[in-house]
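Here is a short briefing for a first look at this structure. Keep the sequence and the 3D view side by side as you read.

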Amino acid sequence: KRTVKAIEALQRFDGGYGYWRSDSCSSPHGSAYAVLALGRAAEVGYRVDADGLKRAQRYLGTVADGQAGTCSMWWREIDPGTRAFALYALARTGAPRTSSAGALYAKRADLPFWGKAMLADALALGKGDGAQVKQLTSELFDRAKETAAGLHLEELNAVTLQSDWSTDVRTTAIALQTLVDVTPDHPYVGKMARYL
């Protein structure tokens, strides 16, 4: 209960969340984490401010569309990975945006592997284009590293790991979640779980 209240206290005027109470503007990436956490808390029975969550989902809608600016001294465009994360958080909290997901699909070459997995998951949960989901998962697992003991993914660009607080283990876990949602009987499910 304390954690839910602590997250809710970080909500800014635009519906997004800052990392600290002193933040004057919202963090798109941090807001996606906050919406996921609050949505999951509500799902398992904790009291969550429903109006605040809806405002946050609206804010993430602007992030998903690439319309929200980032919180820095200079306005810059929202990166495709953060847009995919926003779509993922929206789909996982019952507010999918399949049209935005379809638009981001056209730019999938710019996505890190975890972004492709999140976009595929958002499309699948939002009942979007099945061919796009299939293509995204195919592109992901074409580059998987397989051994006798397991299977994992490694990001191609190390900057992705630094700028998005990510690791190859996180990427593999996100891809596994997507695979379980899309094709739970896929033979890679067990191999990825063993790796993790």
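Pro96 is partly exposed, at a relative accessible area of 38% (buried is under 20%, exposed over 50%, partly exposed in between, with a 1.4 Å probe and protein chains only). The model is a predicted one: local features need pLDDT of at least 70, side-chain atom pairs count only at pLDDT 80 or more, and totals for chains, interfaces and linings use all residues. Residues are numbered from 1 along each chain as its sequence is written, and side-chain values use heavy atoms, with hydrogens and water left out.

**Around Pro96**

- Pro96 sits in the loop between α4 and α5. Helices (H or I, at least four residues) and strands (E, at least two) are DSSP runs, numbered from the N terminus.
- Pro96 touches Leu90, Ala91 and Gly126, leaving out residues up to four places away in sequence. Contact means heavy atoms within 4.5 Å.
- Pro96 and Gly126 are 30 residues apart in sequence, yet their C-alpha atoms are 5.1 Å apart in space.

**Confidence**

- The protein chain has a mean pLDDT of 90, and 92% of its residues reach 70 or more. pLDDT is the predictor's confidence in each residue, from 0 to 100.
- Confidence is highest in helix α1 (residues 2–8), at a mean of 97.
- Confidence is lowest in helix α8 (residues 158–163), at a mean of 54.
- Where pLDDT is low, the predicted coordinates should not be read in detail.

**The cavity**

- How many cavities of 30 Å³ or more are there? The count comes to one.
- A cavity is a set of points, on a 1 Å grid over the protein atoms alone, where a 1.4 Å probe fits but cannot get out; lining residues have an atom within 4 Å of a point.
- The largest cavity has a volume of about 30 Å³. Grid points are joined across faces, edges and corners, and the volume is the space filled by probe spheres set on the points.
- Its lining is made of Leu87, Ala91, Pro96, Arg97, Thr98, Ala101 and Ala122.
- Helices α4 (80–92) and α5 are the elements that give two or more residues to this lining.
- The lining divides into five nonpolar residues, one polar and one charged. Here Ala, Val, Leu, Ile, Met, Phe, Trp, Tyr, Cys and Pro count as nonpolar, Asp, Glu, Lys and Arg as charged, and the others, Gly among them, as polar.

**Salt bridges**

- The whole structure holds eight salt bridges. A salt bridge is a side-chain nitrogen of Lys or Arg within 4 Å of a carboxyl oxygen of Asp or Glu.
- Glu139 and Arg108 form a salt bridge through their side chains, at 2.8 Å from N to O. Glu139 lies in helix α7 (residues 130–141) and Arg108 in the loop between α5 (98–105) and α6 (113–125), so the pair ties together parts that are 31 residues apart in sequence.
- Glu139 also meets Lys116 in a salt bridge, at 3.0 Å from N to O. This pair links distant parts of the chain, with Glu139 in helix α7 and Lys116 in helix α6, 23 residues apart.
- Glu139 is buried at 16% relative accessible area, and Lys116 is buried at 10%.
- Glu146 forms a salt bridge with Lys191, with the closest N and O atoms 2.8 Å apart. Glu146 is in strand β1 (residues 145–146) and Lys191 in helix α10 (residues 188–195), so the pair ties together parts that are 45 residues apart in sequence.
- Arg92, Asp121 and Asp181 are linked in a network of salt bridges.

- Gln132 belongs to helix α7 and is buried, at 14% relative accessibility. Beyond its neighbours within four places in sequence, Gln132 is in contact with Gly102, Tyr105 and Leu123.
- Ile174 is in helix α9 (residues 168–182) and is buried, at 8%. Beyond its neighbours within four places in sequence, Ile174 is in contact with Trp114, Ala117 and Met118.
- Lys127 lies in the loop between α6 and α7 and is exposed, at 74%. Its phi is near 60°, a positive value in a residue other than glycine.

Definitions and conventions:
On a 1 Å grid over the protein atoms alone, a cavity is a set of points where a 1.4 Å probe fits but cannot get out, and a pocket is an open set with protein on both sides within 12 Å along at least five of seven lines; lining residues have an atom within 4 Å of a point.
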